[in-house]
Amino acid sequence: MRPTSPSASGHGSSLNAPPRSLDHLPIFLRLRDSAVAVVGGGHVAERKIEWLLRAGARVTVIAPSLCSELTARAAQGQISHRAERFTAAHLDGMQLVIAATDCREINAAVSTAARARALPINVVDDAELSSFYFPAIIDRAPLVVAVGSQGKAPVLARWVRAQIEALLPARLGHLARFIGARRGRVRQTLPAPARAAFWDRIVRGTTATRVLHGDVRGAEQEFAHELRTTSLSASDPRGGARLGEVYLIGAGPGDPDLLTLRALQLLQQADVILYDRLVTEAVLERSRRDARRIFVGKGRELGGPGAAQQRIHALMVDLARSGLRVARLKGGDPFVFGRGGEEVQFLAEHGIPYLIVPGITAALGAAAAGAIPLTQRNMAQSLTLVTGHALDDDTIDWHALAHAHQTVVFYMGVAHLEGICARLHAAGASPSLPAALIERATLPQQRIVRGTLSSIATLGREARICAPALLVVGAVAALGAGAPATLASAPVLFSAEDANEQ
Ligand code: SAH
C-alpha cells in the first residue's frame with residue numbers, strides 16, 4: 001500500500017518537506033542500567049542525578065569533591081565517585097554524559113570529548129555545548145509529560161509544566177498502570193475496530209474516575225461491566241446504557257483561583273454543570289468549553305426553594321442515568337449550609353455514584369480576604385458557623401453564642417442584622433464587641449465594614465451591604481484592619497470611622 005497518493009503533477013515526491021520547527025526531537029530514553037557520566041559534584045549535578053537515578057541509570061560522578069547530598073549517595077552506593085579531574089578517558093564505556101561544573105572550560109572539554117565519541121551530552125544551562133537538554137518533567141509514571149522550549153525559555157517551560165501539573169490528577173500513574181494491565185484482556189475480547197472507542201470511554205468515564213480516586217475495586221467492576229456490554233453489543237460498539245455519575249463540588253467563595261485542584265480536574269471532565277447563584281462566571285469559565293451549563297439557582301421558581309431542591313434532585317438523577325458526568329457545583333463548601341447532605345442522600349437512594357469535593361467555605365475565604373484570624377490565640381478558642389436564617393426558631397442557643405473568647409460567623413444574615421445583634425446583646429454580649437461585615441469576599445467587588453455589635457447593623461445599612469455577605473462577631477473582627485488592600489482583589493476597605501463620616 002502506498003503511503004500517499006501521487007501528486008497531481010505526477011512527478012517528484014508527493015511528500016511536502018515538513019516545516020523545520022524542531023531543533024531537538026523530544027524522545028524518551030531508556031536508561032535502566034546504562035552508564036552515565038556526570039562531571040561536577042555540586043547541587044546542580046545533584047538535581048540531574050536525582051532524575052538519572054529515578055530512570056535507573058548507573059551514575060559515575062567525576063569531580064574532585066562532592067556536595068553533602070552526593071557524598072551521602074556515594075556512601076550508600078547509589079552512585080560511583082571518581083575523585084579526579086576530568087579527562088576524556090572518563091567517558092570510556094559511557095552512554096550519556098552530563099557536564100555540571102561551574103567552569104566553562106571544563107564543560108567545553110567534556111562537550112568536545114563526548115561529541116568526539118558520538119555520545120549525547122548535556123551541559124547544564126549551556127545550549128551551545130549541549131546535544132540534548134532536560135525538559136520540565138511531570139512524573140506520573142508510567143505516564144510522563146515533558147515540556148521543552150529548545151533552550152529558549154526554560155522559565156516559560158516550567159510555567160507550562162505547572163499549569164499542566166495542576167490539571168493532571170495525582171493518581172494518573174495508577175490509571176496508566178490499570179489500563180496497561182488490561183490491554184491484553186481487551187485485545188482478546190474486542191475486535192480491533194471497537195478497541196479505540198472502548199478505551200476512550202474508559203479514560204473519559206466513570207472507571208477512570210474510580211481509579212483516580214482510589215477505588216480500584218469499584219473501577220474493576222465498572223471496567224468488567226463496560227467490557228461485557230461492549231462485547232455483547234457488537235453491532236453497537238458504544239455498548240448498552242451506561243450510568244453516569246455526579247460530582248458534588250465546592251466552588252469556594254468566588255475567586256476561581258480558590259478552587260481545589262480536584263474541583264478543577266473534575267470541571268474539566270464533566271459533561272454537564274448544574275450551578276447555583278453563588279457560583280461566579282469566573283469559576284464557570286474553568287469548566288470544559290463544551291460542557292452544558294444549567295443554572296439551578298433557587299428562590300424564583302414557583303413552589304419556592306423546597307420545590308426547586310426537588311427539581312435539582314430529579315435533574316441530577318436523570319442526567320446521570322443518561323450516562324453523563326454531572327458536576328453539581330455549589331458556592332463555598334457543599335456541606336456548609338449547602339444542602340449537599342440532602343443531595344448526596346438522594347443520589348445514594350437512587351443508586352447514582354457520586355464523589356464529594358470540598359470547597360473553601362465563605363467564612364474561610366472572608367477571613368483570608370479580610371486578614372481576620374478567626375481563632376487568634378488568646379482571643380478566640382472556638383469558631384461557630386451559624387445560619388442567620390434560623391433567627392426565629394428556638395434551635396439557636398444565643399447564650400452560648402454570646403460568650404467571650406470565641407468567634408461567631410453568621411451566614412445568610414444580611415437581612416436580619418438588627419435581629420442577630422439584638423439577640424446577642426440580650427443574651428449578654430457586650431455592645432462594644434467587635435463585628436465585621438464582609439460582602440462578596442474574595443471577589444473584585446469585595447467590601448468590608450467594621451464596627452461593633454451596637455453599630456454594625458446601621459453601618460451595614462449605610463454602606464448598602466447586600467448578600468452574599470457574612471457577619472463576623474468576636475474580638476478578632478477588629479483585627480486585620482491594617483492589612484494592605486492591594487493584596488486582595490482590590491477591595492474597598494471601610495473602617496467604622498470611615499463609615500461614620502458618610
Ligand atoms: N455553602 C456556602 C454557603 C451557602 S449559604 C459556603 O460554604 O460558603 C449562602 C451564604 O453564604 C450567603 O448568604 C453568605 O452569607 C455566604 N457567602 C457565600 N459566598 C460568600 C462570599 N463570597 N462573601 C461573603 N459571604 C458569602
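This is a predicted model: local features need pLDDT of at least 70, side-chain atom pairs count only at pLDDT 80 or more; totals for chains, interfaces and linings use all residues.

The peptide bond that joins A141 to P142 is cis, with an omega of about 5 degrees.

A cis peptide bond also joins A467 and P468, and its omega is about 0 degrees. Here the proline, P468, belongs to the loop between α17 (456-462) and β17 (469-473).

Q150, although it is not a glycine, has a positive phi of about 55 degrees. Its place is the loop between β7 and α4 (154-167). Is Q150 buried or exposed? With a relative accessible area of 18%, Q150 counts as buried, because the cut-off for that class is under 20%.

R464 is a residue other than glycine whose phi is likewise positive, near 55 degrees. R464 lies in the loop between α17 and β17, the loop in which P468 is also found. The relative accessibility of R464 is 66%, so this residue counts as exposed, the cut-off being over 50%.

## Residues around the ligand

How many residues surround the ligand, and which are the closest? The shell holds 17 residues, and the closest of them are V336, T361, M412, A441 and A469. Sorted by class, this shell around the ligand is made up of twelve nonpolar, three polar and two charged residues.

With regard to domains, the shell draws at least three residues from domain 3 (245-360) and at least three from domain 4 (363-501).

## Polar backbone contacts and burial

Several distances link nitrogen atoms of the ligand to the protein backbone. A polar backbone atom of V336 is 2.6 Å from a nitrogen atom of the ligand, and V336 is also listed among the closest residues of the shell. For A441, another of those closest residues, the distance between a polar backbone atom and a nitrogen atom of the ligand is 2.8 Å. In P253, a polar backbone atom is 2.9 Å from a nitrogen atom of the ligand.

Taken alone, the ligand exposes 540 Å², and the protein buries 93% of that area.

Terms used. Residues are numbered from 1 along each chain as its sequence is written. Side-chain values use heavy atoms; hydrogens and water are left out. A residue is near a molecule or strand if one of its heavy atoms lies within 4 Å of it. A polar contact is a pair of N or O atoms within 3.5 Å; within protein, one must be able to donate a hydrogen and the other to accept it, and residues adjacent in sequence count only if both atoms are side-chain atoms. Accessible areas come from the Shrake-Rupley method with a 1.4 Å probe; for residues, only the protein chains shown count as cover. Ala, Val, Leu, Ile, Met, Phe, Trp, Tyr, Cys and Pro count as nonpolar, Asp, Glu, Lys and Arg as charged, and the others, Gly among them, as polar. Domain bounds come from an automatic or database domain assignment. Helices (H or I, at least four residues) and strands (E, at least two) are DSSP runs, numbered from the N terminus. Buried means under 20% relative accessible area, exposed over 50%, partly exposed in between (1.4 Å probe, protein chains only).
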